[in-house]
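Subject: Structure handover

Hello,

Here is the structure for your files. My notes follow below it.

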Amino acid sequence: MGKILIAYYSRKGQNYVSGAIKDLKVGNTAVAAEMLGALTGGDLFEIDTVAAYPLDYMEATEVAQKELRAGARPALTAQVSGMEEYDTIILGYPNWWGTMPMAVYTFLEAYDFSGKKILPFCTHEGSGLGRSEKEIAKICPDAAVLKGLAIHGTGVVGAGQALEKWLKQAGIK
């Protein structure tokens with residue numbers, strides 16, 4: 001199976017949760033990433049942007065939509081050292097406007113994923129994976145992009161069994 005990296009982008013603070021704006025101490029994607037770390041023993045890497053998004057949820061979604069329309073590639077705060085050592089990348093993100101946050105595009109374009117397995121998962125409030133799996137396959141044509149998992153944000157704390165089943169189907173657990 002080789003070495004596993006769990007790379008994820010997550011938003012804490014104001015988030016859309018079951019039709020209302022709520023303040024999350026830990027973002028939903030980070031919760032799932034931590035669970036995946038415990039299940040796999042993989043290394044965690046948080047994808048984070050140099051320029052912070054607005055704290056206000058509605059303002060943040062407007063910025064995210066502008067970035068998507070512009071094809072922006074926000075600068076990241078850190079890089080993965082030794083990416084060549086990882087065989088499997090579990091990639092997590094919230095669904096923003098039908099796909100991944102643009103910071104995840106920046107991350108994917110920064111490395112050569114040739115010969116690696118990528119397992120995408122997203123947290124969402126009703127949009128599922130959107131077109132993110134196709135986008136990942138397009139950015140990383142020489143990687144094996146396996147079937148992704150969409151986790152409803154409000155149910156992320158109870159997603160342990162779904163995560164285990166998904167990992168088993170991918171041949172990881």
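A disulfide here is a pair of cysteine sulfur atoms within 2.5 Å. A search of the whole structure finds 0 of them. The sulfur of C140 lies 16 Å from the closest cysteine sulfur, in C122, which is too far for a bond. C140 is buried at 4% relative accessible area. C122 is buried too, at 0%. Buried means under 20% relative accessible area, exposed means over 50%, and partly exposed is in between (1.4 Å probe, protein chains only).

Some ground rules. This is a predicted model, so local features need pLDDT of at least 70 and side-chain atom pairs count only at pLDDT 80 or more, while totals for chains, interfaces and linings use all residues. Residues are numbered from 1 along each chain as its sequence is written, and side-chain values use heavy atoms, with hydrogens and water left out.

**Cores**

A nonpolar core is a set of buried Ala, Val, Leu, Ile, Met, Phe, Trp, Tyr and Cys residues joined through side-chain atoms within 4.5 Å. The largest one has 31 residues. I47, M83, L91, F107, L108 and F113 touch the most other members. β1 (3-8), α2 (57-70), β5 (86-94), α3 (102-109) and β6 (117-124) each give two or more residues to this core. Helices (H or I, at least four residues) and strands (E, at least two) are DSSP runs, numbered from the N terminus. The largest share, 6 residues, comes from α3. A second, separate core of 20 residues includes A30, I90, F121 and I172.

Helix α3 is mostly covered, with 7 of its 8 residues buried. These are M102, A103, V104, Y105, T106, F107 and L108. They pack against β1, β4 (43-46), α2, β5 and α4 (132-139). Contact means heavy atoms within 4.5 Å. Leaving aside neighbours within four places in sequence, L108 is in contact with L91, M100, F113, I136, I139 and C140.

**Salt bridges**

The rule is a side-chain nitrogen of Lys or Arg within 4 Å of a carboxyl oxygen of Asp or Glu. The count comes to 3.

- D43 pairs with K3, the closest N and O atoms being 3.9 Å apart. D43 is in strand β4 and K3 in strand β1, so the pair ties together parts 40 residues apart in sequence.
- K3 also meets E85, at 3.0 Å, N to O. E85 sits in the loop between α2 and β5, 82 residues from K3.
- R73 meets E109 at 2.8 Å, N to O. R73 is in the loop between α2 and β5 and E109 in helix α3, so this pair ties together parts 36 residues apart.

Shared partners join K3, D43 and E85 into one network. K3 is partly exposed at 32%. D43 is partly exposed at 30%, and E85 at 45%.

**Surface**

Y16, I21 and M58 form a nonpolar patch with about 290 Å² of accessible area together. Patches take residues with over 30% relative accessible area and no salt bridge; like charges are joined within 9 Å, nonpolar side chains (Val, Leu, Ile, Met, Phe, Trp, Tyr) within 5 Å. Areas come from the Shrake-Rupley method with a 1.4 Å probe; for residues, only the protein chains shown count as cover. M58 is in helix α2 and is partly exposed at 48%.

L55 is in the loop between β4 and α2. L55 is exposed, at 74% relative accessibility. Not counting residues up to four places away in sequence, L55 touches R11 and Q14.

Best wishes
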